[in-house]
Amino acid sequence: MTSAAKADAPLLEVANLTISFPGDVGLVPVVEGIGFSIARGETLAIVGESGSGKSLSALALMRLVPRPGRIAPESRVRFEGEDILGLPVPAMRAVRGAKIAMIFQEPMTSLNPVVTVGAQVVEAITLHESLSRQEARARALEMFKLVGIPDADKRLDVYPHQLSGGLKQRVMIAMALAMRPKLLLADEPTTALDATIRAQILAVIRDVAARTGTAVLIITHDFGVVNEVADRVAVMYAGQIVEEGTRHEMLRHPKHPYTQGLLRSIPRPEARGGKLEEIKGVVPRPGQWPKGCRFHTRCAFAYDRCVAEAPRRTAVTATQGVWCHFAEEGRSP
Amino acid sequence: MTVLSARALLEVRGLRTWFPVRRGVLQRVASHIRAVDGVDLTLHAGETLALVGESGCGKTTVGRSILRLNEPSAGSIWFEGTDLTLLSDAEFKAYRRKIQVVMQDPGAALDPRMTVRDIIAEGMESFGIGGSATERTDLVAQMMRKVSLDPETMWRYPHEFSGGQRQRISIARALAVDPALLICDEATSALDVSIQAQILNLLAELQRAQNLTYLFITHDLGVVRYFATRVAVMYLGRIVETGTTERIFTAPQHPYTQALLASVPSLDPDKRSDTKPIVLGDIPSPEHPPSGCHYHPRCQQRRDVCDRIDPPVVPLADGICRCVLAVPESGRSPTPELQP
């Protein structure tokens, strides 16, 4: 691939990604045939309820799907034009952290409790780059300041337990950004945080992404978070993407009955005194996904075709697409 | 002598629940975590009072203190005219029936080795409701129908149900003993949003049908605005503001309430919070709360006195505000020179 073509290509291209776990009768898919792309510097949010497969999809990009899960051979994940699912393990290790970094919901589970946070960031840097300890420490300090850690130079020398949840998450973001990755994966990064701290962390992610040109894939169940940080949004249901579009399109003009239902079931001030819209039933478990459109068992608009036939992607605009028979037939649910 | 409000179902006065912090070889009490430090609350029959705040503010401990799961260090808890803090354990048991709780994690709150029938019937047995086991089984079926669970499934175990269904089981168990007050501690926080809507609708229906009173402990302000009659905002062991839901959300007086509301992400794509004020810094530890007003280190409207004086409890038309800047009902500031 020429360097010009490389610059034009999306930073990340995922196609036909399928992740399965062994079940009682063969492999049970948990994510099935999803595709999406992220441009350089762009923030994509993948939204879904528990069991939708959104977190596993992010882990697959790092090739960190937990055993005994496996990524199906026909899956493609291209990062800067290179198929990273086919990379040998040492090459993948170089991508992980240096080019694609990840932060999780619980920062404490990813920090070593007996090493100062500064030393952990320095170690991460020197593992990937041939910098002296002084240079690495200077980089760590720069990153601590970038994510708004107060008294950054003193905070380098404290242990994780001496930091609040919000500061620990800032340390995690600083560590993730220390190698200047092109893509930051953030799995529910603010779910465990309090409201005032969540607002701070979302501002940090948005601000740092803009200043460093880092692309972000954020996994969340919260449309408030989506609105704060995302450029584009993909909604997942039962292992598939059911709708995608810009933040504005998805929040203002959602087309899929599931996206619509999710947005309407959020308690809003206008709903006060009335009944909240419910999506009846429960999210079906992997292995028990209905035939046809997987949402048809909970969809108020489902008809014969939805039961029989899986919907294909219908383009609503140049940026918005929906997997729903209604949209395919030019009707709105 | 405290004058109690008319028709109040529950009145909490000066509640203080401190936890000793032991240190050293001799495990001497070195200090206290002031989880709840002088809380007043009033609940009227049939209303929903939301107790909101961030982690460590003491909201869960208030609920646990009312249930006497944490023994209050001081203060009184009046329920239907009786001070629960003065009762012996045996005497309290009769009241415990009237105050039930639904907790956050429906998985952890249900004994995995008991069938749903036994989980729901357990309370009835211990309070002598239903003459026989058969009668109680009928009552369990009734309860299950009330919370939209299929009574046919009563012989199954909790793990066979989804998160939302398990929360329905918790609610059925609580309602089985016919309580007057239900303490919901983050009862919908662990649920997906579409399931949360189902549970909130169920709680609203049950409240209308049975005149239930809810103490709704939560950090989710969206749920509060949709669901609560009145709101009490807690910060580091103290109530900083109370009022009707409408007034708290449209005209919050306390700077912390204002900051908390500003931190709720909007769902309007044209209104990102780029320009909203963001609260500075972290929540301090309740073991060493800041002097004066506990909120002063994070407050963007602080005055010189705020780190020195305990803020006055300023009466408002619909509640109180604990801040030197609050404008009281009478319109006269308690500390006029501090008005902006």
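Predicted model: local features only at pLDDT ≥ 70, side-chain atom pairs only at ≥ 80, totals over all residues.

Reply: D222(A) has a relative accessible area of 22%, so it counts as partly exposed. Its side chain meets that of R198(A) in a salt bridge, 3.9 Å from N to O. The two sit in distant parts of the chain, 24 residues apart: D222(A) is in the loop between β9 (215-220) and α10 (223-229) of chain A, and R198(A) is in helix α9 of chain A. R198(A) counts as buried because its relative accessibility is 16%, and the cut-off for buried is under 20%.

Chain A has a mean pLDDT of 90, with 98% of its residues at 70 or more. Within chain A, helix α1 (residues 3-8) has the lowest confidence, at a mean of 53, while strand β11 (residues 240-246) has the highest, at 98. Residues 1-5 of chain A fall below 50, and that stretch has 2 contacts in the model beyond near neighbours in sequence. For chain B the mean is 89, and 92% of its residues reach 70 or more. Be careful with residues 336-340 of chain B, where pLDDT stays under 50.

Now stay with helix α9 of chain A, because it leads us to the other chain: T196(A) lies in this helix (residues 195-212) and is buried, at a relative accessible area of 1%. The side chain of T196(A) makes a polar contact of 3.1 Å with that of R298(B).

How much do the chains touch overall? In chain B, 45 residues are in contact with 45 residues of chain A. Together the chains bury about 3,700 Å², 50% of it on carbon and sulfur atoms. On the chain B side, Y226(B), L267(B) and R272(B) lose the most area to chain A, together 21% of what that side buries.

There are 21 residue pairs in polar contact between the chains, counting pairs with both residues at pLDDT 80 or more. On chain B, the elements that give two or more residues to the touching side are α7 (193-210), α8 (221-227) and α10 (255-262). Helix α7(B) gives the most, with 9 residues. That side of chain B divides into 20 nonpolar, 14 polar and 11 charged residues.

What about charge across the interface? Side chains of opposite charge can pair when their charged atoms come close. The rule finds 2 salt bridges between chain B and chain A, and R252(A) takes part in both of these pairings. With D268(B), the N to O distance is 3.1 Å. With D270(B), the closest N and O atoms are 2.5 Å apart. This second pair runs from the loop between α10 and β11 (313-316) of chain B, where D270(B) sits, to helix α11 (residues 247-252) of chain A, which holds R252(A). D270(B) is exposed, at 53% relative accessibility, whereas R252(A) is partly exposed, at 35%.

Finally, here's some context from the rest of the model. Over all chains, the count comes to 38 salt bridges. One of them joins E129(A) and R139(A) at 3.1 Å, N to O. E129(A) lies in the loop between α5 (117-128) and α6 (133-146) of chain A and R139(A) in helix α6, so this pair ties together parts that are 10 residues apart in sequence.

Definitions and conventions: Residues numbered from 1 in each chain as written. Chains lettered and ligands numbered in written order. Heavy atoms only, no water. pLDDT = per-residue confidence, 0-100. Contact = heavy atoms within 4.5 Å. Buried area = accessible area lost by both parts, 1.4 Å probe. Salt bridge = Lys/Arg side-chain N within 4 Å of Asp/Glu carboxyl O. Polar contact = N/O pair within 3.5 Å; in protein donor to acceptor, adjacent residues only side chain to side chain. Helix = DSSP H or I, 4+ residues; strand = E, 2+ residues; numbered from the N terminus. Nonpolar A, V, L, I, M, F, W, Y, C, P; charged D, E, K, R; others polar. Buried < 20%, exposed > 50% of the residue type's maximum accessible area, 1.4 Å probe, protein only.
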